[in-house]
Amino acid sequence: MPSLKDLKNRIASVKATQKITKAMQMVAAAKLRRAQEAAEAARPFADRMAEVLGNLAAGSVGRDDAPRLMIGTGRTQVHLLVVCTAERGLCGGFNSQIVRLAREHINRLLAEGKEVKILTVGKKGADALRRDHGGRIIERIELRGIKTLNYEVAAGVQQKVLDMFEAGQFDVCTLFYSRFRSVIAQIPTAKQIVPFEVDATAGSATAGALYDYEPGEPEILEELLPRAIAVQIFTALLENAASEQGARMSAMDNATRNAGDMINKLSLQYNRSRQAMITKELIEIISGAEAL
Amino acid sequence: MATFKFELVSPERLVLSTEVDQVDLPGVDGDFGVLANHSPFLTTLRAGVVTVRTGSDTTRIFIRGGFADVSPTGLTVLAEKAVPVADLKADQIAAEIRNAEEDVTDAKTPDARQRAEQKLAQLRDVADALRAA
């Protein structure tokens with residue numbers, strides 16, 4: 001049976017924790033709104049890009065001279081996994097969900113006898129994958145110093161991926177991130193970015209129109225594809241940022257509620273034992289008086 | 001004068017979406033203007049200044065490379081970076097040029113070097129043009 005003093009300390013400490021989780025929840029809510037706005041604002045570019053690509057690719061799918069980024073190397077032996085996670089924890093199952101999906105993917109590939117290389121974006125993913133697949137992590141990119149997630153960050157990641165592709169270091173590249181559905185639902189997602197899958201149906205209704213190309217179709221495609229990949233990465237990072245804040249918000253909401261429950265339980269226990277003690281003392285006094 | 005829909009988007013946001021009379025763009029193979037009912041046309045853009053005319057208003061926007069998609073429904077410009085010339089500081093351009101210079105020195109393949117040099121030349125042109133204006 002803990003003493004009254006112990007209980008009191010316990011309650012004070014849980015209250016302090018509750019204050020912190022509450023504050024974190026509110027910070028996450030504010031950041032979430034900003035992250036969502038950023039994701040929202042980036043959507044037109046991604047949509048337009050998909051549209052233009054759709055228009056353009058409809059003509060070159062299946063052709064032998066299509067860019068290598070689109071048709072791939074013709075092999076699927078070496079896989080590069082770009083695992084995007086958060087820089088910090090305390091956000092519920094956010095990081096572990098992404099890592100779990102990546103790990104399943106890795107195990108499946110390894111079982112098929114493929115070679116796997118990993119590039120991590122965000123510290124938590126590297127930490128989680130280090131134990132099982134440490135040797136396969138070829139590079140980690142940390143987002144620690146970055147205040148606002150802008151296109152340059154994504155372009156940096158894209159440049160690394162493309163350099164490796166040019167050097168023939170992998171055949172297939174897959175991006176892992178968490179799609180933001182709502183505050184309580186973030187869906188870990190795997191998306192193949194090399195060879196680039198063009199959604200030919202994304203082209204607008206005007207796809208049938210006869211386009212003029214300057215300089216030429218293949219040249220434009222050659223320019224467009226790397227950017228499209230950068231946009232995919234950018235979108236993934238933005239979605240990830242929103243998901244992270246959403247996950248943290250609901251995790252901290254839960255924590256705050258749990259702390260509340262705990263305080264209630266502890267206060268009840270505290271009051272009971274306080275009363276029991278008073279009763280005990282009274283009985284002692286009364287029986288002492290009776291004995292006289 | 002007939003107007004058409006013009007959208008300028010950068011990866012971070014939709015910069016501009018309005019009805020306009022005429023847009024002048026820096027294409028890779030030379031500058032060109034777009035009026036309403038232009039035939040469908042897709043091109044890459046070099047770094048330069050986009051001039052948008054609506055009535056008697058002219059807006060000038062600096063872009064750092066991108067694509068222009070002229071479709072029957074309007075003109076869409078996908079720019080990697082878009083800054084209105086009025087907000088553009090001289091040191092910003094200088095920073096871009098420095099960046100491009102670094103790219104040239106960092107370039108590993110001759111192909112990449114050529115691309116970086118091209119970009120640098122374009123940026124210098126823009127800087128000159130802006131200083132003159």
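Predicted model: local features only at pLDDT ≥ 70, side-chain atom pairs only at ≥ 80, totals over all residues.
I started by counting elements: chain B has two helices and ten strands. Helices (H or I, at least four residues) and strands (E, at least two) are DSSP runs, numbered from the N terminus. Residues are numbered from 1 along each chain as its sequence is written, while chains are lettered from A and ligands numbered from 1 in the order in which they are written.

**Entry 1: overall form of chain B**

I read along the sequence of chain B and noted the pattern β-β-β-β-β-β-β-β-β-β-α-α. Next I looked up the radius of gyration, which is taken over C-alpha atoms. For chain B it is 15 Å, close to the 14 Å that the globule rule gives for 133 residues, so chain B is as compact as a globular protein of that length. That rule is 2.2 Å times the number of residues to the power 0.38. The C-alpha trace of chain B spans about 50 × 30 × 25 Å along its principal axes.

I also checked burial: 31% of the 133 residues of chain B count as buried. A residue is buried if 20 or more other C-beta atoms lie within 10 Å of its own, exposed if 12 or fewer, and partly exposed in between, with C-beta atoms placed from the backbone.

**Entry 2: two domains**

Chain B is divided into domain 1 (4-85) and domain 2 (89-132). These bounds come from an automatic or database domain assignment. I found the C-alpha centres of the two domains of chain B 21 Å apart. Seven residues of domain 1 of chain B are in contact with seven residues of domain 2 of chain B. Contact here means that the C-beta atoms of two residues, placed from the backbone, lie within 7 Å.

**Entry 3: strands in chain B**

How many bridges join strand 8 of chain B to strand 9 of chain B? I get six, and the two strands run antiparallel. (Two strands pair if DSSP finds at least two bridges between them.) A hairpin joins strand 8 of chain B to strand 9 of chain B through two residues, and the bridge partner of Ala68(B) in strand 9 of chain B is Val77(B).

Strand 9 of chain B also has strand 1 (residues 4-9) of chain B beside it in the parallel sense, joined by four bridges. There, Val9(B) stands opposite Leu78(B). Five of the six residues of strand 9 of chain B are buried, so this strand is largely enclosed by the rest of the structure.

Then I turned to strand 3 (residues 22-27) of chain B, which runs antiparallel to strand 6 (residues 48-54) of chain B, with three bridges joining them. Asp24(B) stands opposite Thr51(B) in strand 6 of chain B. Strand 3 of chain B also pairs with strand 4 (residues 30-34) of chain B, antiparallel, over five bridges. Strands 3 and 4 of chain B form a hairpin with two residues between them, and Gly27(B) has Gly30(B) as its bridge partner.

**Entry 4: where the chains touch**

I looked up the interface: 22 residues of chain B are in contact with 24 residues of chain A. Strand 5 (41-45), strand 8 (66-71) and strand 9 (74-79) of chain B each supply at least two residues of the side that touches chain A. The largest share, four residues, comes from strand 5 of chain B.

Which strand of chain A pairs with strand 5 of chain B? My note says strand 6 (residues 212-214) of chain A, in the parallel sense over three bridges. Glu214(A) has Thr43(B) as its bridge partner.

**Entry 5: a look at helix 4 of chain A**

The buried residues of helix 4 (residues 123-133) of chain A are Lys124(A), Gly125(A), Ala126(A), Ala128(A) and Leu129(A). They pack against strand 1 (78-84), helix 3, strand 2 (115-121) and strand 3 (137-141) of chain A.

I picked out Ala126(A), which counts as buried because it has 21 C-beta neighbours inside 10 Å. Leaving aside its neighbours within four places in sequence, Ala126(A) is in contact with Thr120(A), Ile137(A) and Arg140(A). Ala126(A) and Gly113(A) are 13 residues apart in sequence and 23 Å apart in space, C-alpha to C-alpha.
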